[in-house]
Amino acid sequence: MTTSTRPSSTQTNAASPHSANSPHLVQRLGLFSSTAIVVGSMIGSGIFIVPAEISRGVGSPALLIGAWLVTAVMTIIGALSYGELAAMMPSAGGQYVYLREALGPMWGFLFGWTLFLVIQTGTIAAVAVAFGKFLGVFFPVISSSHWLLRFGHVPVIKIGPMSLGNMDLGLNTANLTGIIIVLVLTGINILGVRLGALVQNVFTTAKTAALLGLVILGFTFGRNPAAIAANFGHNFWQGASWHTLHPVQVGVGGPIAMVGLLAVLAVVQTGSLFSADAWNNVTYTAGEIRNPKRNLPLSLVLGTVIVIALFIAANFVYLLVLPLQGDPHGATLFARGIEYASEDRVATAVLQQIFQDAGAFLMAGAILISTFGCANGLILAGARVYYAMSRDGLFFKSTSKLHPRYKTPVAALIIQAVWTCFLCLTGSYSQLLDYIICTELIFYILTIACLFVLRRKRPDAERPYRAVGYPVLPAIYIGMAAWICIVLLRYKPQFTWPGLLIVLLGIPVFAVWSRRGQAVAD
């Protein structure tokens, strides 16, 4: 992996007597399966909902597409850059390993800590509960308002520009369904990475076909002359000039600030950039991918390009079928437009516009397939990070052990499932995910900065794949991500400071765990 004279943590672990006598991760994932993890983890429910929020933020068809183009550029550059790190260090844990090796154990731990506490488990909880809510379209008894056991309500707590609380605690039929999905998929992934990959391959193929079907139907049968007139031609560029100012509310209930083109595109990345997130999850499973030095970077690039192309095409379809601007009190789907689609379900409105009432059921079915596959990919990948952390003495000791028969990190999967189910019960996952947006970007910046650090620290290390466009493209990514963070810190503090506090809380935890690990080693 490297020609450095100092043995890395990975090498040390691999050579220990304990690991030599223990089960090892088995390389059973090929290029198709690893690409399916990329695609399946990226396509959740966001692409079907988020365009409404972006449209309200930008008020322009050109800027709606522009927001997704910014996401496309950043995601593909990120994948190209991660490819070099993945091929250089094809170890379980992926991004955690890159940060540890380039910047030190604390930075790897802070990433893993935040991933476990919020990013991975919160996303799994959100996706699983979304599955329950859309299953309610077919079975109305499944609803977030149908309570089985209600513990109470946490009132709104305002701290400066932030608003915390305002959530119901307890068990309803929607989050119960989400919990069942989490437990079932955890069980499947305990039974072997091959079975987990099979589920991933089937559902990723199905949901990619469903999204492609939405695009084809929209372009062939959904074209609406009134929507085309409202969204294209000279109207396409309306509100997209460099001189146009856009209203942005500062914090929760704060004043309205007027911002320019670059700032508003940065603000709405909270929707588009993170609808296309989780493409990096495949790096967590590097220890189980066949020929990882080739298949990892290839799957990152293939997966992100496929998804981004579908996402941009889907947004053009939305503009072909519905006007971007609408009336929140409109009586019809067309009158409400993309901006005010009922409950922000833009894709549902598009299919209803084409197929009438049957469209709602078609879209609900597509989202069920999409969320099920997305949850499976996140569950499969996330546990490998905690497994890698534990092998470094930075997580619960039991999570470093593999199932003797199935060669899967069974304890890591179970601990992940328990915390995810807790988040489902509290309903806190939605707020936590909002709070962590800027923090995720900071970890992406740090990881891509690892390219520069390792090129300097380990110039002779084997690099089967070198990042395309280095150093220009990685530098562009860092600049774009830094700009988004600065804008969010200024205009959306409720999405930034809480996440940074969660990360900072990990520093004393790292100190305690490091001492424990040192004491055991001594």
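Author: Let us begin with Ala278, which is found in the loop between α12 and α13; helices here are DSSP runs of H or I with at least four residues, strands are runs of E with at least two, and both are numbered from the N terminus. Please keep in mind that this is a predicted model, in which local features need pLDDT of at least 70 and side-chain atom pairs count only at pLDDT 80 or more, while totals for chains, interfaces and linings use all residues. Residues are numbered from 1 along each chain as its sequence is written, and side-chain values use heavy atoms, with hydrogens and water left out.

Reader: Okay, and what is the phi of Ala278?

Author: Phi of Ala278 is near 80 degrees, which is a positive value in a residue other than glycine.

Reader: Is Ala278 buried or exposed?

Author: Ala278 has a relative accessible area of 10%, so it counts as buried; the rule is under 20% for buried, over 50% for exposed and partly exposed in between, with a 1.4 Å probe and protein chains only.

Reader: What about Gln356, where is that one found?

Author: Gln356 is found in the loop between α15 (346-355) and α16 (358-391), and its phi is also positive, at about 60 degrees, although it is not a glycine. With a relative accessible area of 54%, Gln356 is exposed.

Reader: And which peptide bond is cis?

Author: The bond from Tyr470 to Pro471 is cis, with omega near 0 degrees, and Pro471 has its place in the loop between α19 and α20.

Reader: Switching to charges, how many salt bridges are there?

Author: The count comes to 9 salt bridges, where a salt bridge is a side-chain nitrogen of Lys or Arg within 4 Å of a carboxyl oxygen of Asp or Glu. One of them joins the side chains of Arg458 and Glu101, at 3.0 Å from N to O.

Reader: Why does that pair tie together parts that are 357 residues apart in sequence?

Author: Arg458 lies in the loop between α19 and α20 (472-491), whereas Glu101 lies in helix α6 (residues 95-103), so the pair bridges that separation of 357 residues.

Reader: Which residue does Lys293 pair with?

Author: Lys293 forms a salt bridge with Glu462, and their closest N and O atoms are 3.1 Å apart. Lys293 lies in helix α13 (residues 292-321) and Glu462 in the loop between α19 and α20, so this pair ties together parts that are 169 residues apart in sequence. Lys293 is partly exposed at 31% relative accessibility, and Glu462 is partly exposed too, at 42%.

Reader: How far apart are the closest N and O atoms of Glu343 and Arg345?

Author: They are 3.3 Å apart in a salt bridge; Glu343 counts as exposed at 60% relative accessibility, while Arg345 is partly exposed at 23%.

Reader: Which residues line it?

Author: Lining residues have an atom within 4 Å of a point, and they are Met74, Thr75, Leu273, Phe274, Ala276, Asp277, Trp279, Leu441, Tyr444 and Tyr477. The elements that give two or more residues to this lining are α5 (61-88), α12 (269-275) and α19 (437-457).

Reader: Last one, how many helices and strands does the protein have?

Author: The protein has 21 helices and 4 strands, and buried residues make up 57% of its 522 residues. Its C-alpha atoms fill a box of roughly 70 × 50 × 45 Å, taken along the principal axes.

Definitions and conventions: 1 Å grid on protein atoms, 1.4 Å probe; cavity = no way out; pocket = protein on both sides within 12 Å on 5 of 7 lines; lining within 4 Å.
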